[in-house]
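User: I would like to learn how to read a model such as this one, one feature at a time. Could you show it to me and begin with the backbone?

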Amino acid sequence: MRIAIPYEDGVVCQHFGKAPQFKIFDVQPQGIVESVVIDSEASGHEALAEFLATQSVQAVICGGIGQGALVSLAQSGIDVLPGVSGNPDEVIEALIAGTLQPEGNGGCGCGCGGHGHEEHGGSCGCGCH
C-alpha cells in the first residue's frame with residue numbers, strides 16, 4: 001500500500017491543504033519497503049487529490065483536513081485517516097503495529113475545529129477557507 005503523510009519540518013503537517021511536502025511510504029505487512037519526501041506540486045483540494053493519485057497513493061494519514069479535501073480525496077479513491085500528529089516514521093510504524101491512535105476528527109487543520117463554516121458564509125474567519 002502507498003500512504004502519503006503531509007510533511008513539514010520533520011513532522012505531520014497539521015494543515016493538509018498547506019503542506020509544503022508529502023512523505024510517501026510504500027508499506028507491506030512486514031514493514032516499510034521504501035519512503036520518499038516529495039514537494040507538493042499542487043494547491044487546492046482537487047489538485048492535491050489529483051497530484052496524490054498520480055503518485056499512486058492509496059491512503060493519506062494527516063492532522064487537520066477540511067471537508068472539501070476529504071471529498072476530493074474520496075473521489076480520487078484515496079482513504080483518509082485524520083487526527084494524527086508526530087513523526088511520520090513513527091506514525092507508520094504504529095499503523096503497522098496496529099497501535100496508531102488518532103486524536104479527534106482532524107477538523108479543518110486551521111485550529112478552528114472545523115466548526116461554523118456554513119454559518120459564516122463558508123468561512124469562520126480562520127483563513128483557510
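Analyst: Just after helix 2, Gly-77 takes a positive phi of about 75 degrees, where helices (H or I, at least four residues) and strands (E, at least two) are DSSP runs numbered from the N terminus. This is a predicted model, in which local features need pLDDT of at least 70 and side-chain atom pairs count only at pLDDT 80 or more, while totals for chains, interfaces and linings use all residues. Residues are numbered from 1 along each chain as its sequence is written, and side-chain values use heavy atoms, with hydrogens and water left out.

User: Is Asp-9 buried or exposed, and what is the relative accessible area of Ser-56?

Analyst: Asp-9 counts as exposed because its relative accessibility is 76%, whereas Ser-56 is partly exposed, with a relative accessible area of 47%. Here, buried means under 20% relative accessible area, exposed over 50%, and partly exposed in between (1.4 Å probe, protein chains only). Of the 129 residues of the protein, 40% count as buried.

User: How many helices and strands does the protein have, and what pattern does it follow along the sequence?

Analyst: There are 3 helices and 6 strands, and reading along the sequence gives the pattern β-β-β-β-α-β-α-β-α.

User: Which residues in helix 1 are buried, and which are exposed on the other side?

Analyst: Leu-48, Ala-49, Phe-51 and Leu-52 are the buried residues of helix 1. They lie on the same side of helix 1 because they cover an arc of only 160 degrees around the axis, the arc being that of the directions from the helix axis to the C-beta atoms. Glu-46, Glu-50 and Thr-54 are exposed on the other side of helix 1. The cover over the buried residues of helix 1 includes strand 1, strand 3, strand 4, strand 5 and helix 2.

User: Which residues in helix 2 are buried?

Analyst: In helix 2 the buried residues are Ala-69, Ser-72 and Leu-73, and because they cover an arc of only 100 degrees around the axis, they fall on the same side of helix 2. The face turned away from the buried side of helix 2 carries the exposed residues Gln-67, Ala-74 and Gln-75, while the buried residues pack against helix 1, strand 5 and strand 6 (79–81).

User: At what angle do helix 1 and helix 2 pack?

Analyst: Two packed helices are described by the angle between their axes and the distance between the axes. Helix 1 (residues 45–54) and helix 2 (residues 67–75) pack at an angle of about 35 degrees with their axes 8 Å apart. His-45, Glu-46, Ala-49 and Leu-52 in helix 1 meet Gly-68, Ala-69, Ser-72 and Leu-73 in helix 2, contact meaning heavy atoms within 4.5 Å.

User: Which residues in helix 3 are buried, and which residue caps its N-terminal end?

Analyst: Pro-88, Val-91, Ile-92 and Ala-94 are buried in helix 3 (residues 88–97), and because they cover an arc of only 160 degrees around the axis, they are on the same side of helix 3. The face of helix 3 turned away from its buried side carries the exposed residues Glu-90 and Ala-97. Asn-87 caps the N-terminal end of helix 3, with a side-chain oxygen 2.7 Å from the backbone nitrogen of Asp-89.

User: Where is Arg-2 found, and which residues is it in contact with?

Analyst: Arg-2 is found in strand 1, and a polar atom of its side chain lies 2.5 Å from the backbone oxygen of Gln-55. Leaving aside neighbours within four places in sequence, Arg-2 is in contact with residues including Ile-24, Phe-25, Asp-26, Gln-55 and Ser-56.

Note on methods:
Axes fitted to C-alpha atoms, helices over the stretch in contact; angles between N-to-C directions. Polar contact = N/O pair within 3.5 Å; in protein donor to acceptor, adjacent residues only side chain to side chain.
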